[in-house]
Every structure is written in C-alpha cells, then in structure tokens.
Number of protein chains: 2
Amino acid sequence: MPASIENWAGQIRSGEVRALSRAVSAIENHAPEAEELLREIFPYTGRAYRIGITGAPGTGKSTLVDRLASQYRIERKTVGIIAVDPSSPFTGGAILGDRIRMQGHAADCGIFIRSMATRGFLGGLAQAAGDAALLLDAAGKQMILLETVGVGQGEIEVVRFADCTVVVLTPGMGDDIQNLKAGLMEIGDILVLNKFDREGAQRFEQQLTAILQIAPERDGWKPPIVRTVATEGKGIEEFAQQIALFREYFDRPERRRARELSYWKQWLLRLLQASLLERVGRHIDEAQLEALATEVAGRRKDPYSAVTEMIADSGMADKLDQAGANS
Amino acid sequence: MPASIENWAGQIRSGEVRALSRAVSAIENHAPEAEELLREIFPYTGRAYRIGITGAPGTGKSTLVDRLASQYRIERKTVGIIAVDPSSPFTGGAILGDRIRMQGHAADCGIFIRSMATRGFLGGLAQAAGDAALLLDAAGKQMILLETVGVGQGEIEVVRFADCTVVVLTPGMGDDIQNLKAGLMEIGDILVLNKFDREGAQRFEQQLTAILQIAPERDGWKPPIVRTVATEGKGIEEFAQQIALFREYFDRPERRRARELSYWKQWLLRLLQASLLERVGRHIDEAQLEALATEVAGRRKDPYSAVTEMIADSGMADKLDQAGANS
C-alpha cells in the first residue's frame, strides 16, 4: 500500500472535503488508484444508512433531497448526498447545480454534496454510486442520500442497493397507462407524493392507493404514501419519520443479516461482471471487429455467427467451459 | 437448420402476426431457438427505417407513437411498434395496454404492436429491442417505431441504436435544473414538444431553443423542435415530415455507410459482452459466492479482493491475458 493512498484514506476518514471530492472523481474516471483507495477504506464502512431517492424528471427530487438533508442536520446527523446524473450533456451543468445547491448549506461541514456522471460500461452507474457511498460512509456521514434522475433500469439499480428506497411521484403524471406500469411502485419502500398542492393530487393518491392494494408486500412492509410540498418544506418531518420507521422495522438482526448477505452477493456479481468486461475490452481485436462489422453490415454474415467467431478466436469459450467442468 | 425454424422464419417473412408474436416472446424469454431464428431471418433485414422515441413518463409518448403510426398508414407504409417497458411490475399491464392500443388499429394487418418487458442482464433491454426490430424488418414492416418509457441509461441505449432518435418533452417539466441536465437533448435528432396547449409551453420552447444553441451539432444537423398535441392529432404531419427530412439528410451513401459500420461495431460489442456474461453466469460457484459475500458483509474481506479471488479460481484471467498476448 503506497503511503500516499494511506494518507488519502486517512483524510477521507476524517471527512476532508477536498480528499473526498478527489476520490469521487477518481471513481468517475475509473482511475486505477480508486480501487486501491476503496480497499483501504472498506474496513471502516458499514455504519451509514443509505437512502435511495428516484423518480421522473420534474418531480422535484433535488429540492426534496435538500429539505430532507436540512431536516437531518436539525437532528444533528451528518449527511452525504450523491446525485447521479447518468447522461449529463454538459458537465458544467452538474457542477453549476452543485454550487447552487451548496449555497443552501454553505459553511456547514456536516454535509457533503456531489453530482456524479458516469458513462461507458453498463452497470457502471450503480457500481460507481455504491463506491461513492462507501467513501461517504468511511468519512463518517451518517445519512447517505443517493439521488437519481430518471426511472430507467440503470437508475433503479442505483437505488435498489440502498437500505431504503424512496420513489417520488407528482400529480398530473397519473393520466397515462404507461405511468402505472412504470414499475416505480415495485421498488419503493416509501412513496412520496410531491407537489401535493397541485390539481388532481387527491385523485392521484387514490389511484396509487388502489395500485398498492395489489402490489406484493415485502417482509410484511406496506409502503406508506407521504404527501409533501418540498418547495415550501411541507411534509418533510413526516417523510423523515417514515424513513425512521422503515429503518426500525428492518433493524432486527436476522432481517438485517439476510439483507446484507443478499446485498453483497449481488454486489460481488456486478463487480465480477464489470471486471470481466473490462478485461475483454482490453483484448478486443479492433481490426477483426471492423472486418466483421463490415461483413454484417453487408448482410454477408449474421451478428451471432460473428460474435461466436470472436469468442472462438480469443479462446475464452474453452477456458470458461473448462472452468465450469472443474468446479 | 431444423425444418421448423425454417418454417417459422418463412411465416415471419410473410408477416404472420402469430409467428411474429411468438418470436418476440422467444426473445424476451432468452429462449435458445430465438438466436437460430434470428440467424435465419438476418439476410432479409436492412430495409426498414427504425425510429426510436423516448421521454419521461407522462409525456404522452404512446399517444404520439399511435398517431405517427396512423400517419404512416395514410402514407401507405407498413408499421411495426415495439414498446419497451423495462420494469413493468404487473405484466398484465403491458398486455392490457397492447389491447387498448390495438383497438385503434383493429383489422389493419399493415401494423403490428407489441410491448416487451425484459429483465436480468444489463444491456439485455437494448439487445432484445434490437432483435425484435430485426424481426419486424424481415416481416416487411417499413417503419419501425421503438418506444421506451423513461430516460435512463438502458432506455437511451434502446433508442440510440435507431436510425432516427426522437425525444419527447412537455411543458411544465422545465422548471427544474436537473431537467435541463437530463441529457435528452444530447441524443435527440428531433425534439417533440408534446402537450403544446399547456400553460408555459412557449416559455419552455424558448428555454429549449437556448439550450440547443450551445449543444454540439452532429454532422451539420440541428435538431428541430416540433410542437404537437398528440391527443388531438395536432402537429403529427409536421412530425412525420421532420423525420422524412432527417432521413433524407443522412441518406447519402458515405454517411449511411459510416453510420451502419459504427452501428454494427457497437452491436457486436454488446452481443459479445452479453454472450460472455451468460457463460460466466452459468459457471458461478454459488457456495463460493455465498462464503465470500458473508466475509465481505462482516468486513473481514473487501469486495475487490473477493472478486479477484473468484476470477483467479475460475482461471478466466489467465486465459484472457493469454488471448490478449497472442493477438
């Protein structure tokens, strides 16, 4: 372990903002030192409570997250916020957003806010956000808020790995059939109905309640619906209370152990996949890829045969099959 | 090639609805015969024009897609619609949705509508939708509309592989900073401002125009903004015209060739990844995974070391490195 990494890890553990920021950037950029650092801080993690907050654009997630953070600061808890932005077109936007948001918490060293943008390999999003949460955990942040724009598969992975998952909805998006199928209810431990002062809020709440009737319970927990108007700070205390209730409900040792084990199994599988894909990526024969793509584009070869050829040439198939036979 | 697959492929090529439906299901379920079938029909693909349509829930995508399909039917073009629903909690919802939507096009054999729900491996979404598009292409559908709920990473992959990508926005979602960062502008060849009869539509259009000023052009194409009220059929002709203009713009042989080659290179890489992950999945040692996850949960081992161990034990690393050295 190089002294500098050890030093860096020490700074993170004492909550130094610059060291934390630099570490989040290292994760974003897949820098090789990121993994070393994460190995170093890992033994000091496991104390924070991670809350994943998701919903469609325009539901007011950022405001809600900021208000919840303020509520936790009133309760004298330290807070870390990771806002995952899967597809920011102009990185300047995210940084500007951080600055605007930080103004509300200026000079409060008990709170850390950071946007992350990740690209490249699929699955990288959830892994990067999880790694950042480990950093904040080691830095002693008690409540970690993972906020994600969008309602897609990758985004759902981000919040699914949290201890508690919150889905934010707003009235006025309830008219479409597709909205009811959007799958948000399936992952939400708590549903927030933000902008509850809007027209049609009560009708939308009735629809939601009806859907929740037929949704499967998880371990006996029925997701509550919390009404908020985040811009006016309304309903935030109730929101924090529901999170506390959920936390308490799952805080029994056997439930906690089962959740932790399933969490790490999934995490290891994800890490294994990412690691293998990265290795494969390093060994792609660009000339072969170009030649095969040309043949496929001309319909002289189908893509499935082309990929079988690539795998056969690399010898990876044999080895995998052999590994399977040995195990 | 078994006679039944050949037969099935023949039915698909003559556009038989049941054969098509059965094939889409085979793709959804990762059935082994799906790949055989796709190999068989592949030489007959490459004639359809694929339009990807995405946007947040509640923007009215389904209605817009239905109206666009009707417009194409007026123009005597055959249409295939694939509505990708990444996270449908109750599969019944999707099927119900299909039935409701089909009523509008009842007894028109020139149109095929199908919802798809895929789970499991990351990246499966885009691949499954692309495979379904190949089927519709071979079935002689001239215009293929790929519709996806959500704005996530996986969803963006679905539409990114289309020939033309449309992003649907609505007024009233323009107040948030995060909305402007949502990255939709970056992938849209055409922007549709649906529900243009809503309050604040003009102001939102001005904001969009301002953002587009600083967005990078692609091959000299500036994404137009199309105003629609899909529920009333307003703006649909203009929408179809803008798609036609875009298609014409990129229809020059050299542009087309470059796009096709880059398309298939990415497609092959995705297929290669999926294929490798599937092989790895088959060879996971469950007992080892469980034991390692337990150690990680207890902070006795860090997840990065655990994964390194799994890869070393399987022998995959050696083989990959060896393959790399040989190439």
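B:P224 counts as partly exposed because 17 C-beta neighbours lie inside 10 Å of it, a number that falls between the 12 or fewer of an exposed residue and the 20 or more of a buried one. Keep in mind as you explore that this is a predicted model. Let's start with that proline, then move on to some helices and to chain A.

**Around B:P224**
- You can find B:P224 in the loop between α10 (201-214) and β7 (225-227) of chain B.
- Which residues is B:P224 in contact with, leaving aside its neighbours within four places in sequence? They are B:I190 and B:Q242.
- B:L191 is 33 residues away from B:P224 in sequence, yet their C-alpha atoms are 6.2 Å apart in space.

**Two helices meeting within chain B**
- Helix α4 (residues 61-74) and helix α11 (residues 236-249), both of chain B, have axes that come within 10 Å and cross at roughly 75°.
- α4(B) and α11(B) are therefore roughly perpendicular to each other, since angles of 65 to 115 degrees count that way.
- On the α4(B) side you will see B:R67, B:L68 and B:Q71, which meet B:I236, B:E237, B:F239 and B:A240 of α11(B).
- Sorted by class, this contact of α4(B) with α11(B) has 4 nonpolar, 1 polar and 2 charged residues.

**A helix of 30 residues**
- Helix α12 of chain B (residues 253-282) has 30 residues and reaches 43 Å from its first C-alpha to its last.
- That span of α12(B) is close to the 44 Å expected at 1.5 Å a residue.
- Several residues of α12(B) are buried, among them B:W264, B:W267, B:L268, B:L271 and B:V280.
- The buried residues of α12(B) also include B:R270 and B:Q273.

**Where chains A and B meet**
- Helix α12 (residues 253-282) of chain A and helix α13 (residues 286-297) of chain B have axes that come within 8 Å and cross at roughly 115°.
- That makes α12(A) roughly perpendicular to α13(B), and their crossing is right-handed.
- From α12(A), the contact uses A:E260, A:L261, A:W264, A:K265 and A:L268.
- From α13(B) come B:L289, B:E290, B:L292, B:A293, B:T294, B:V296 and B:A297.
- The residues of this contact between α12(A) and α13(B) divide into 8 nonpolar, 1 polar and 3 charged.

**Chain A as a whole**
- How many helices and strands does chain A have? There are 15 helices and 7 strands.
- Chain A has 327 residues, and 51% of them count as buried.
- Take the contacts in chain A between residues at least 6 apart in sequence: 75% of these join residues at least 24 apart.

Technical notes. Residues numbered from 1 in each chain as written. Chains lettered and ligands numbered in written order. Predicted model: local features only at pLDDT ≥ 70, side-chain atom pairs only at ≥ 80, totals over all residues. Axes fitted to C-alpha atoms, helices over the stretch in contact; angles between N-to-C directions. Helix = DSSP H or I, 4+ residues; strand = E, 2+ residues; numbered from the N terminus. Parallel < 35°, antiparallel > 145°, perpendicular 65-115°, else oblique. Contact = placed C-beta atoms within 7 Å. Nonpolar A, V, L, I, M, F, W, Y, C, P; charged D, E, K, R; others polar. Expected span 1.5 Å × (residues − 1). Left-handed = near helix turned anticlockwise from the far one by under 90°.
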